[in-house]
Amino acid sequence: MNRSLLVAGIGILVAGVLASASLFTVNEAQQALVLQFGEPVRVLRDPGLKAKIPFIQEVRILDRRVLDLDPPVEQVILADQKRLDVDAFARYRILDPLRFYQTAGNEAVAETRMNAIVNSALRRVLGSVTLLAILSDERPRVMNDIRGQVNDEAKRFGIEIVDVRIRRADLPEETSQSIFARMRSEREREAAEARAQGQEQSQQIRARADRERTVILAEAQRDSQILRGEGDNQALKMIAEATSQDPQFYSFYRTLEAYRKSLNKDDTTMVLSPTGEFFRYFGDITGGGNGQPAPAAGSAPAPQRAPAPATAQQQ
């Protein structure tokens with residue numbers, strides 16, 4: 001009894017080992033390649049429970065999903081001789097597991113070789129375009145060209161490239177510094193040019209203002225001279241008219257003007273004869289006469305003294 005149970009247990013254990021060694025599952029995100037002594041014999045793409053010859057055949061599971069490929073940053077030279085540090089990535093899927101196994105063996109080796117292919121395509125395509133094309137609406141076309149070239153190379157590995165994108169495209173540090181220096185010198189040149197233009201305009205404005213000022217002053221001086229001449233002319237006419245009406249009164253008025261200018265408050269000292277012509281309207285200053293000066297020989301008779309004004313009546 002015990003012997004039969006032992007045999008049965010051993011049989012069940014052997015059956016379990018054989019079953020585990022011969023059965024395997026493939027899910028929806030996987031595909032399998034069955035190898036016999038290292039040689040591929042079957043390709044399994046449908047999900048489910050699968051069987052193989054135990055201890056003779058082995059299974060390599062490959063992913064059916066879209067995988068990411070992240071090549072290292074590559075420095076490329078564009079068509080306009082500008083250098084760019086390009087950080088790109090790609091997405092791919094394994095279409096032919098048999099060819100993939102024969103050419104690459106596993107995903108690690110395939111990614112290493114695909115990184116070189118992607119960077120090579122980047123150098124070829126970006127070397128024929130300018131920086132403006134990468135930064136403009138032409139960028140999708142550039143990406144399609146890169147993807148097409150990478151796909152042509154990836155087909156021999158049984159791989160399809162789904163997409164290639166540039167994550168970042170930066171100028172190298174030394175190039176950035178030189179561009180910054182060139183931009184700064186350009187801005188300084190424009191600033192100097194603007195200041196020179198401003199100084200030129202300011203000089204033109206000052207010159208125009210000085211010219212207008214000179215013209216205005218000249219016109220004002222001309223008008224003042226004209227007005228002064230007209231005024232002097234009118235004054236001379238009025239004096240001539242007044243003189244022609246009473247020459248003796250004009251002589252008396254001019255003498256009074258001479259008195260006012262000569263006999264001022266500054267203690268003027270004059271040594272003159274009291275009977276001279278200058279004091280002829282003072283009359284007899286010695287008190288011997290009636291205050292009327294003696295007419296000089298050949299001179300007109302002195303004007304009569306004006307009567308004294310009547311005293312205002314007190315309120």
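Which side chain of opposite charge is nearest to Lys-50, and how far away is it? In this predicted model the side chain in question is that of Asp-46, 5.3 Å away. Residues are numbered from 1 along each chain as its sequence is written, and side-chain values use heavy atoms, with hydrogens and water left out. As the model is predicted, local features need pLDDT of at least 70 and side-chain atom pairs count only at pLDDT 80 or more, whereas totals for chains, interfaces and linings use all residues.

**Figure 1. Overview of the predicted protein.** The secondary structure comprises 7 helices and 9 strands; helices (H or I, at least four residues) and strands (E, at least two) are DSSP runs, numbered from the N terminus. Of the 315 residues, 22% are buried, where buried means under 20% relative accessible area, exposed over 50%, and partly exposed in between (1.4 Å probe, protein chains only). The accessible surface comes to about 22,300 Å², and carbon and sulfur atoms account for 54% of this area; areas come from the Shrake-Rupley method with a 1.4 Å probe, and for residues only the protein chains shown count as cover. Among contacts (heavy atoms within 4.5 Å) between residues at least 6 apart in sequence, 60% join residues at least 24 apart.

Figure 2. The Lys-50 side chain is buried yet has no salt bridge, a salt bridge being a side-chain nitrogen of Lys or Arg within 4 Å of a carboxyl oxygen of Asp or Glu. For the assignment of opposite charge, Lys and Arg count as positive and Asp and Glu as negative, while His and the chain ends are not counted. Leaving aside neighbours within four places in sequence, Lys-50 is in contact with Ser-22, Leu-23, Phe-24, Val-26 and Leu-44.

**Figure 3. Pairing of strands β1 to β4.** Strands β1 and β4 pair in the antiparallel sense over 4 bridges; two strands pair if DSSP finds at least two bridges between them. Within this pair, Val-26 has Gly-48 of β4 as its bridge partner. Strand β2 (residues 30-36) runs antiparallel to β3 (residues 39-44), joined by 5 bridges, and Val-34 stands opposite Arg-42 in β3. The β2 and β3 hairpin has 2 residues between the strands, and Phe-37 takes a positive phi near 55° there.

**Figure 4. The largest nonpolar core.** A nonpolar core is a set of buried Ala, Val, Leu, Ile, Met, Phe, Trp, Tyr and Cys residues joined through side-chain atoms within 4.5 Å. The largest has 35 residues, and those with the most contacts inside it are Val-86, Met-114, Leu-126, Ile-146, Val-150, Ile-159 and Ile-161. Two or more residues of this core come from each of β6 (67-69), β8 (83-94), α3 (107-126), α4 (131-135), α5 (139-154) and β9 (159-170). Helix α3 supplies the largest share, 8 residues. Not counting residues up to four places away in sequence, Ile-146 touches Ala-121, Leu-122, Val-125, Leu-126 and Val-164. A second, separate core of 5 residues includes Phe-24, Val-26, Ala-32 and Leu-44.

**Figure 5. Asn-115 in helix α3.** Asn-115 counts as buried because its relative accessibility is 17%. Beyond residues up to four places away in sequence, Asn-115 touches Leu-69, Asp-70, Pro-71 and Pro-72.

**Figure 6. Selected salt bridges.** The structure holds 16 salt bridges. One of them joins Asp-87 and Arg-167 (3.1 Å, N to O). This pair links distant parts of the chain, with Asp-87 in strand β8 and Arg-167 in strand β9, 80 residues apart. Asp-87 is buried at a relative accessible area of 17%, whereas Arg-167 is partly exposed at 42%. Asp-70, Asp-87 and Arg-167 are linked in a network of salt bridges. In another view, the closest N and O atoms of Arg-65 and Asp-63 are 2.9 Å apart; Arg-65 is exposed, with a relative accessible area of 51%, and Asp-63 is buried at 14% relative accessibility. Arg-189 and Glu-186 also meet in a salt bridge (2.5 Å, N to O). These two residues are separated by about one helical turn, because they lie 3 residues apart in helix α6 (residues 173-245).
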